[in-house]
Amino acid sequence: MNSDSLFVQEYTDSKLMLKYISKAPETNNSEQNSSKIKTDSFWSWLGEVFAGIGSFFNNLAYFMGLPIAMNTNWYSNACYNQGGTGGYGCHNNYDWLKSALGSMGDAFVSDGGGGFSYGDYSGEEFDPYKLYLPGPNDPSTLYPPFSSIIINDPTHGPYININPVNGSYEAQELIAILNLSRFDGKLVFYLQDHNNVSLQMRNYLSAYGETQENKDFIKWSVGYLADNSAASSYLTDHPEDFELFVMNDIDLNEPDDIAMATNAADIITDILVNRQNGTLNNLDVSWPSANDIKSKITSAISKGVYTTAKYARNYLYLPLQKVSLKYPSTINYSNKVIDAVRIDAVTPLVNFNANTMSWGDLFNTWLFELAPGHFSNNTINFTLASNVVNGYSISNPATNAVMNFPKGNNAQGGNLLNIQYQLQQGLGVGQNAIQGYFRYDVNAFYSTLSDANLGIQMLGSFPINATVISKSGNTAVVQFQIINDLGWESGTRFIKGTNGNQGIIDNKPVGTGLHLGGTITNTFTWTETIFF
Amino acid sequence: MDRNNIFLKIIFVSIAIATLTSCFNNTNGKETDDDIYETETKYLNIADAVGMYYFVPSIDDKVYPNYKTFELSKGDSIKLEIRPDSIFIFNHFYFDKMNRIDNYKGKTIDNLLEKAKIFIPFPINTTNLQGFLTSNRDTLFFYRLNMEHYSNYEYRLFLKKVK
């Protein structure tokens, strides 16, 4: 056999061609006896048959599992086996392949032979499901788009595995929904070979909608599973656990997001596989994926609170929470990852001095549950000496200093403090004013989506108290105080999505559940001289 | 009188119009009642505030807390009575982070913002954001609590005046 040749002889068998192209096996029988018919009229007729089949399937047929538009020209030009005469130069067949494979068709003839040839097929039985490629060059060089799916057979040369079984109906649906092309062969093969996982993915799209975001996620997850044999093997046995790998809001245009999601999926795989094998203790000894995520979180922190919140929520808290809820015995290992991030990666970056810390420091103290050991009762008391209150050395102090925050508002459910008016009405020394309430509603959310309003986003809604310290003439010294809980409800406000704020996660005490985002209390107390 | 009698037809059409009008009126009334929660906070003088107020529960605990949230036994409720002599009585008074005092009572004080209106004093150094919401049909008293799912006093406890 000449390995420099492309063996496509079986394509000339209309029965097999039908297999490759159609997804209706029962139609094979009707073509059973037509494989050796050589007349043009037959091929014309067969073309019509295929066109009819294609029309039946909404003008979609599948070649190598890829949806391709039906084109009767392919079939009327399709090559036929001239049968042992040596006349294997079946250019029509080449045209057909070229049409089907586009630019890849050129690669098939890049053997330097000046064109397509059948080679010296001499009756040896080849697996009809293997599409042999010209060799003997390195296939990955010759066919970069297919490098990951080319199998190098030392006897017969490199080939692509063509499975005439297109996978389950759900797999085929996914292939069409995800609009997978010939360059996604790896993904196609994965779906075709993993019907049970395909079903879970199809169900996911049915349940949550075939939005571009969801389709992008499924496409990413197929690629992840195709590359990750441990995860793939696990899901083959436990397809229902696909839900544990679902991570929403991945920005697939951002390489950092993809890297973070991949790292998170590796961690989930490690936990699930070791739980299944009863070897979770192995993760105490060595856990590379858990180490990898530390550097990614460190990088996220350098980009600011929005990125940090998004990564921690989307790729740590939510996925690991799902795993922990389904398999409670794994929570210690989820926390092992989180604790490593908290202690090794984040703690060295945080300023714990309440007078000099920035909003970012406060945010990280909350998110990574760093208050214990630094602040008693998980409460941080800020005064007029604190930069976040007086505005010194923080960005945009006009809007980010607490003493410049609005003292309530007139939004629905809000209440403006209006201290001047209350002083005019006789609010006396030692008396508490009627409180103000800043209602962080939808309008407030959209009007504060910027770095210039980090502080007010962190507080969200808050009541503000005022007490008169001294009063003389039309001047009074008034002490203001805001007591505010910072928890997941506040924290998720930092994640900007296309539809605005992302989903709220319930608040939880520090040290419970997963060690991220436990509620802390901040008090801000300062005095101002008020003229009324 | 046969079925084609014009008098009968007039009666039938009149009844139909009256029924439809009644339905539309009911719908409008319901909308007004629902809208009370969207109205601005008001303060009332003692004459307008006097009455018995009962806790307004929600159908769904996840939307607004229900009897369960306040651990009320069957048949019990949160009640507030405001009397003409300015005395107020809560049978169960919840404040701040769900602290509870049974039989909390005292006398209303003047509202600093509108002195002719009343203000119910809360325990010292607690959050006492309160007010009334009114519609043509109903009067609600509310104040704020800091509780699960509603941190930072996002939850407004509503008590509806029933008499």
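User: Why is A:Lys310 counted as buried?

Analyst: A residue is buried if 20 or more other C-beta atoms, placed from the backbone, lie within 10 Å of its own, exposed if 12 or fewer, and partly exposed in between. A:Lys310 has 23 C-beta neighbours inside 10 Å, and therefore counts as buried. This is a predicted model, in which local features need pLDDT of at least 70, side-chain atom pairs count only at pLDDT 80 or more, and totals for chains, interfaces and linings use all residues. Residues are numbered from 1 along each chain as its sequence is written, while chains are lettered from A and ligands numbered from 1 in the order in which they are written.

User: Where in chain A is the place of A:Lys310?

Analyst: A:Lys310 lies in helix 15 of chain A. Helices (H or I, at least four residues) and strands (E, at least two) are DSSP runs, numbered from the N terminus. Chain A has 23 helices and 12 strands. A:Lys310 is 53 residues from A:Asp257 in sequence and 9.6 Å from A:Asp257 in space, C-alpha to C-alpha.

User: What makes up the largest nonpolar core, and which residues touch the most other members?

Analyst: A nonpolar core is a set of buried Ala, Val, Leu, Ile, Met, Phe, Trp, Tyr and Cys residues joined through C-beta atoms within 7 Å. The largest has 127 residues, of which A:Ala264, A:Ile268 and B:Leu159 touch the most other members. Helix 15 (residues 305-326) of chain A gives the most to this core, with 9 residues.

User: Which residues does A:Ile268 touch, not counting residues up to four places away in sequence?

Analyst: Two residues are in contact if their C-beta atoms lie within 7 Å. On that basis A:Ile268 touches A:Leu244, A:Phe245, A:Pro319 and A:Val323, with residues up to four places away in sequence left out.

User: What makes helix 14 of chain A oblique to helix 16 of chain A?

Analyst: Angles run from 0 to 180 degrees between N-to-C directions of axes fitted to C-alpha atoms, for helices over the stretch in contact. Under 35 degrees counts as roughly parallel, over 145 as roughly antiparallel, 65 to 115 as roughly perpendicular and the rest as oblique. Helix 14 (residues 288-302) and helix 16 (residues 331-346) of chain A pack at about 50 degrees, with their axes 9 Å apart. Helix 14 of chain A is therefore oblique to helix 16 of chain A.

User: How many residues of chain A are in contact with chain B?

Analyst: In chain A, 21 residues are in contact with 14 residues of chain B. Helix 20 (419-424), strand 8 (462-472) and strand 9 (475-486) of chain A are the elements that give two or more residues to this side of chain A.
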